[in-house]
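Trainee: Hi! Could you walk me through this model before I start on it?
Mentor: Happy to; let's open it up together.
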Amino acid sequence: MPLPNGIRTVADRLRAAHLTKQEDRLRRRVLRNFASGATPKLATLAEQSRIPPVQIQQILRRLASRDLLVLDTRGNTVLAAYPFSATPTPHRVHLSGREVFALCAVDALGITAMLNEDARISSRCAHCGSAVEVQAQPESVTRYLPLETVVWFPTSEEDDSCPVAESRCPNISFFCSNDHLDAWRMGREEPSGVALSLNEAFEAGREIFGSLLAEPSTQYTRRTSWPSR
Ligand SMILES: [Zn+2]
């Protein structure tokens, strides 16, 4: 993994959450709703899963408490579920027949592996605003511009009191060049973090999100094979 040691990703949080089968089914349903281009709402999720809304809301709150998604204050709408955002971000991801927004640059790059489909990412340099375009297949980046594009991954914004979506994600960005990353950092008292090449950032996204939609049969193999002592 090209990410620095000690970074807790959504994949780490998911493993640590030890979700029940029902909770995990709803978590995946939320992701599939986002992937289809829809914002997951309480009523829709209840209808789709045939579980009473009050129970759906309890599960969503538990998923939110483990920072697997972000709920609105009333608990009726899922505002974000890594890697997706219900509200527009600088990272627009074009999939076949629909568009979604990713919470950060690495999340945008992980979507293609998670959904196992080709994607085109339209984003911008966080310093100068110029366009950054990436075309990717589940296994690799096929094309990107500008060729000097790098991804900044901060290591200093970890704050347990709020979701990563609000603390770290906003600063995981594309930059059109190392020079513009440096200029951006200079204007911000040089926060700590790592500059990833586009391919390194893609690999990080693939590792974090590649198995996030996997069915429990594969996901829980190790847990269920533990000896019962
Ligand atoms: Zn720039």
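Mentor: We'll go through domains, the core, helix packing and a few backbone details.

Trainee: What should I know before reading anything off it?
Mentor: This is a predicted model, where local features need pLDDT of at least 70, side-chain atom pairs count only at pLDDT 80 or more, and totals for chains, interfaces and linings use all residues. Residues are numbered from 1 along each chain as its sequence is written.

Trainee: Great. Which domains does the protein chain have?
Mentor: The assignment gives domain 1 (10-84) and domain 2 (89-209); such bounds come from an automatic or database domain assignment. Taken over C-alpha atoms, their centres are 24 Å apart.

Trainee: And how many residues does the contact take from each domain?
Mentor: It takes 12 residues from domain 1 and 16 residues from domain 2. Two residues are in contact if their C-beta atoms, placed from the backbone, lie within 7 Å. On the domain 1 side, helix 1 (10-17) and helix 2 are the elements giving two or more residues. Helices here are DSSP runs of H or I with at least four residues, strands are E runs of at least two, and both are numbered from the N terminus.

Trainee: Which classes of residue are on that side of domain 1?
Mentor: There are 9 nonpolar, 2 polar and 1 charged residues. Ala, Val, Leu, Ile, Met, Phe, Trp, Tyr, Cys and Pro count as nonpolar, Asp, Glu, Lys and Arg as charged, and the others, Gly among them, as polar.

Trainee: Changing topic: which residues touch the most other members of the largest nonpolar core?
Mentor: Among the 62 residues of that core, they are Leu 69, Ala 81, Ala 105, Val 106, Val 151 and Ala 201. A nonpolar core is a set of buried Ala, Val, Leu, Ile, Met, Phe, Trp, Tyr and Cys residues joined through C-beta atoms within 7 Å. Buried means 20 or more other C-beta atoms within 10 Å of a residue's own, exposed means 12 or fewer, and partly exposed is in between, with C-beta atoms placed from the backbone.

Trainee: Where does this core lie?
Mentor: Both domain 1 and domain 2 give residues to this core, so it lies between them. Its largest share, 8 residues, comes from helix 5 (residues 105-115).

Trainee: Now helices. At what angle do helix 3 and helix 4 pack?
Mentor: Helix 3 (residues 42-49) packs against helix 4 at about 110°, and their axes are 9 Å apart. Axes are lines fitted to C-alpha atoms, for helices over the stretch in contact, and angles run from 0 to 180 degrees between N-to-C directions. The two helices are therefore roughly perpendicular; that label covers 65 to 115 degrees, with under 35 roughly parallel, over 145 roughly antiparallel and the rest oblique.

Trainee: Which other residues does Pro 53 contact?
Mentor: Leaving aside neighbours within four places in sequence, Pro 53 is in contact with Leu 42, Ala 43 and Ala 46. Pro 53 lies in helix 4.

Trainee: Last one: where are the cis peptide bonds you'd show me?
Mentor: One runs from Tyr 82 to Pro 83, with omega near 15°. Another joins Leu 145 and Pro 146, with omega about -5°. Pro 146 sits in the loop between strand 8 (141-145) and strand 9 (150-154).

Trainee: And is Arg 50 buried or exposed?
Mentor: Arg 50 is exposed, with 6 other C-beta atoms within 10 Å. Although not a glycine, Arg 50 has a positive phi of about 55°.
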